[in-house]
Amino acid sequence: MFIRRPFAALAMLSVLAAPGFADPADKPTDPQIAHIAYTAGVIDIDAAKQAIAKSKTKAVVDFANDMLRDHQAVNDQALALVKKLNVTPEDNATSKALVKAADDERAKLDKLDGAAFDKAYVDNEVAYHKQVDGALETLLIPSAQNAELKSLLETGLKIFQGHEMHAEHVAAELK
Amino acid sequence: MRFAWVLPTVAALLAAGMVPVLADTVTVTIDKLAFSPKEVSVKAGDTVEWVNKDAFAHTATVKGGWEVMIPPKKTASRVMQAGDTVEYFCRFHPNMKGRITVTP
């Protein structure tokens, strides 16, 4: 599963001496956290657009539209917040790893059609949201310094957890 | 006596069952993906209204039953019927759950 990689990478970045978070005690900074969270949203928006274009299954397309709408709303809030806080999101190794893994997954899904695509997309949505939940809970939320950023991440966590359950319901429907 | 007619009229209407007992509206606020209060108790004929403070669309959905769509920053409502005691959830975020108890 592709999604294991970015967060394995993310865990490594925080635990091991790796670029971005060089010191084990070194947590991601708020500008980095903002970038990672925004990137995670963009990735799911792009995945949703692919599903809307490729899938012919109503439950899958409806789900993808829900993802598109929610993640766009979260990211709009994130953009408004960084503007208000005068923070410039900072690209970093974790964001890059996320984007790379998502590009690979999208290319893989692009080769699939019909039921195979639906299943792969929805299964990946379950796994992806699960991984992001883990990163938010264990790394991003505890590391966030700004109270408003932390609060937005906490709302983001509830959204992601909800999407994970929603994706599981859709996956059950496809069977 | 301007109001002399009022009481007998109301009494007559009530006797005829034409004036329902005033129904209440109970408000459930949605903020940061949570229904608050999580549980409400209403009488049959009362209205439950959901005030969505989130920027996200939510629903109040009863599995195998009714569904109320609650758009972002909007309010939606439903009149509760006797026997409508239900557990409900948001279809978009099934981790959001609530309960309505309807008493006669």
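**Strands, then helices**

Mentor: In this predicted model, strand β4 (residues 47-52) of chain B and β7(B) pair in the antiparallel sense over five bridges. Strands are DSSP E runs of at least two residues, numbered from the N terminus, and two strands pair if DSSP finds at least two bridges between them.
Trainee: Which residue does B:Glu49 stand opposite?
Mentor: B:Ser77 in β7(B).
Trainee: And what order do the four strands of the sheet take?
Mentor: The open sheet in chain B runs β2-β1-β4-β7, with mixed pairing. β2 (35-36) and β7 (75-79) of chain B stand at the edges with a single partner strand each, so one side of each has no neighbour in the sheet.
Trainee: How are residues and chains labelled, and what confidence is needed?
Mentor: Residues count from 1 along each chain as its sequence is written, while chains are lettered from A and ligands numbered from 1 in the order written. Local features need pLDDT of at least 70 and side-chain atom pairs 80 or more, whereas totals for chains, interfaces and linings use all residues.
Trainee: Switching to chain A, where does A:Leu174 lie?
Mentor: In helix α6 (residues 147-174) of chain A; helices are DSSP H or I runs of at least four residues.
Trainee: How far is A:Leu174 from A:Asp66?
Mentor: Their C-alpha atoms are separated by 17 Å, and the two residues are 108 apart along the chain.
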